[in-house]
Amino acid sequence: MQVGILYSRIRKDEKLLLSELRDRDHEVTKIDVRKERFGLDSTTADIENLDIVVDRCLATSRSLYATQFFASYGVPVINAPETADVCADKAKNSLALADADIPTPETEVAFTTDAALESIEEFGYPCVLKPVVGSWGRLMAKIDSRNAAEAILEHKATLGHYEHKVFYVQEFVDKPGRDIRVVAVDGEPIAAMTRTSDHWLTNAAKGGHAESFDIDDTALDLVERASEAVGGGLLGIDLMEVGGADSGEYTVHEVNHTVEFKALNDAVDVDVPAAVVDWLETRVANAEADEGNEQRTGVTATV
Amino acid sequence: MTQAECVECGADVDLYDDLEVGEIIDCGTCGAELEVIDVSPPVLDRAPELEEDWGE
């Protein structure tokens with residue numbers, strides 16, 4: 001198959017993916033989105049004959065727009081722009097999970113510092129203030145007191161970007177020093193790991209220690225439903241255990257659409273990039289089969 | 001293993017064979033983050049600074 005990789009930086013994740021694709025003799029077109037222009041009908045990027053495009057943009061803003069354009073050109077994109085739109089924004093992400101009756105931390109959004117302070121006081125201390133767009137645990141605040149709340153809100157209000165004036169306040173979940181990352185394709189887990197840290201932020205990017213995790217039926221069900229809630233695709237679904245380690249009770253706090261998997265690949269026995277490429281091959285093969293059916297029946301195919 | 005010059009300090013930077021355009025490598029001498037602009041011959045430039053919306 002011919003695969004386009006949208007990128008602006010090649011991380012270890014992209015190297016693993018590129019290596020797996022090339023080892024299987026797939027044709028890969030690397031598309032550096034910083035160098036291309038995107039018109040309403042066409043692009044300077046070489047998209048001819050691409051069977052599928054995988055969005056690996058490091059910058060969320062570029063990911064959101066680039067996927068829209070590629071979808072508009074009729075090139076199947078992983079993940080779909082609709083999925084990217086929901087996953088890129090924590091407020092939309094929380095709403096999608098709640099709408100699907102998936103347990104997710106209690107959350108409020110407020111648009112002024114006064115209203116945000118009311119939210120914080122109502123949640124009680126500690127609670128959490130997050131940027132609606134952000135990653136790797138950056139600019140996350142665990143708020144322990146009213147004094148801290150007032151200071152952080154004032155800082156956010158003066159940071160400049162309008163997104164910092166969308167105050168996303170969340171209950172603090174007393175997780176057992178770890179959270180769980182599941183990488184899944186259309187709701188089917190490839191592998192899972194725990195990320196453990198003494199710090200309240202346990203992200204791998206913050207130095208959380210990764211270890212393989214066996215998914216039970218409850219988590220399996222939540223992963224499947226969370227994936228469906230955001231439109232499916234190649235996703236990183238983050239869960240926290242409620243009521244202690246191995247309690248079997250979870251809350252889903254986030255679904256990521258340009259998921260990094262190098263830490264997972266190192267922590268588990270599963271070959272994660274190989275599983276991703278298996279899935280991409282299946283998607284393309286199914287689309288080709290659908291296209292054949294479409295020619296016979298006149299029904300439109302999608303990847 | 002090939003080498004390229006660090007644009008920050010001028011030192012030689014060791015490069016692996018499976019180098020990719022777009023990859024970031026660290027200069028072992030000055031610690032600068034360098035972006036691979038080309039692979040044959042290898043060309044390095046200063047990597048962009050971290051942006052707020054980067055991540056997964």
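The UniProt annotation "domain: ATP-grasp", from an unreviewed entry, spans residues 94–281 of chain A. UniProt positions follow the numbering used here, feature names are shortened, and annotations may be inferred rather than shown by experiment. The model is predicted: local features need pLDDT of at least 70, side-chain atom pairs count only at pLDDT 80 or more, and totals for chains, interfaces and linings use all residues. Residues are numbered from 1 along each chain as its sequence is written, chains are lettered from A and ligands numbered from 1 in the order in which they are written, and side-chain values use heavy atoms, with hydrogens and water left out.

Over residues 94–281, chain A is 31% helix and 28% strand. The end C-alpha atoms of this stretch are 31 Å apart. Helices (H or I, at least four residues) and strands (E, at least two) are DSSP runs, numbered from the N terminus. The domain assignment divides chain A into domain 1 (2–81), domain 2 (106–171) and domain 3 (178–275). Such bounds come from an automatic or database domain assignment. Between domain 1 and domain 2 of chain A, the C-alpha centres lie 34 Å apart.

An open sheet of four strands in chain A has the order β2-β1-β3-β4, with parallel pairing. In chain A, β2 and β4 (77–78) stand at the edges with a single partner strand each, so one side of each is left without a neighbour in the sheet. Strands of a sheet pair through backbone hydrogen bonds, either parallel or antiparallel. Two strands count as paired if DSSP finds at least two bridges between them. Strand β1 (residues 2–7) of chain A is joined to strand β2 (residues 27–32) of chain A by six bridges, and the two run parallel. Within this pair, Gly4(A) has Thr29(A) of β2(A) as its bridge partner. From β1(A), the chain passes through helix α1 (residues 12–23) of chain A to β2(A), in a right-handed β-α-β crossover. Right-handed here means that, with the strands pointing away from the viewer, the path from the first strand over the helix to the second runs clockwise.

Strand β3 (residues 52–55) of chain A runs parallel to β4(A), with two bridges between them. Val54(A) has Ile78(A) in β4(A) as its bridge partner. Asn79(A) lies in the loop between β4 and α3 (81–88) of chain A.

Strand β9 (residues 178–185) and strand β10 (residues 188–196) of chain A run antiparallel, joined by eight bridges. Ile180(A) stands opposite Thr194(A) in β10(A). β9(A) and β10(A) form a hairpin with two residues between them. In the turn, Asp186(A) has a positive phi of about 45°. β10(A) also pairs in the antiparallel sense with strand β11 (residues 209–212) of chain A, over four bridges. The bridge partner of Arg195(A) in β11(A) is Ala210(A). Trp136(A), a residue other than glycine, likewise has a positive phi, near 60°. Trp136(A) sits in the loop between β6 (127–130) and β7 (141–143) of chain A.

Chain B has zero helices and five strands. Its elements run β-β-β-β-β from the N terminus on. Along the principal axes, the C-alpha atoms of chain B fill a box of roughly 35 × 25 × 15 Å. Ser40(B) and Pro41(B) are joined by a cis peptide bond, with omega about -5°. Pro41(B) is in the loop between β4 (33–39) and β5 (42–46) of chain B.

At the interface, 27 residues of chain A are in contact (heavy atoms within 4.5 Å) with 18 residues of chain B. The two chains bury about 1900 Å² between them, 39% of it on carbon and sulfur atoms. Arg9(A), Lys15(A) and Arg138(A) supply 30% of the area that chain A buries against chain B, more than any other three residues. Buried area is the accessible area (1.4 Å probe) that two parts lose on being put together, summed over both. Six salt bridges are counted between chain A and chain B. Each is defined by a side-chain nitrogen of Lys or Arg within 4 Å of a carboxyl oxygen of Asp or Glu. Arg181(A) forms a salt bridge with Glu56(B), with the closest N and O atoms 2.9 Å apart.
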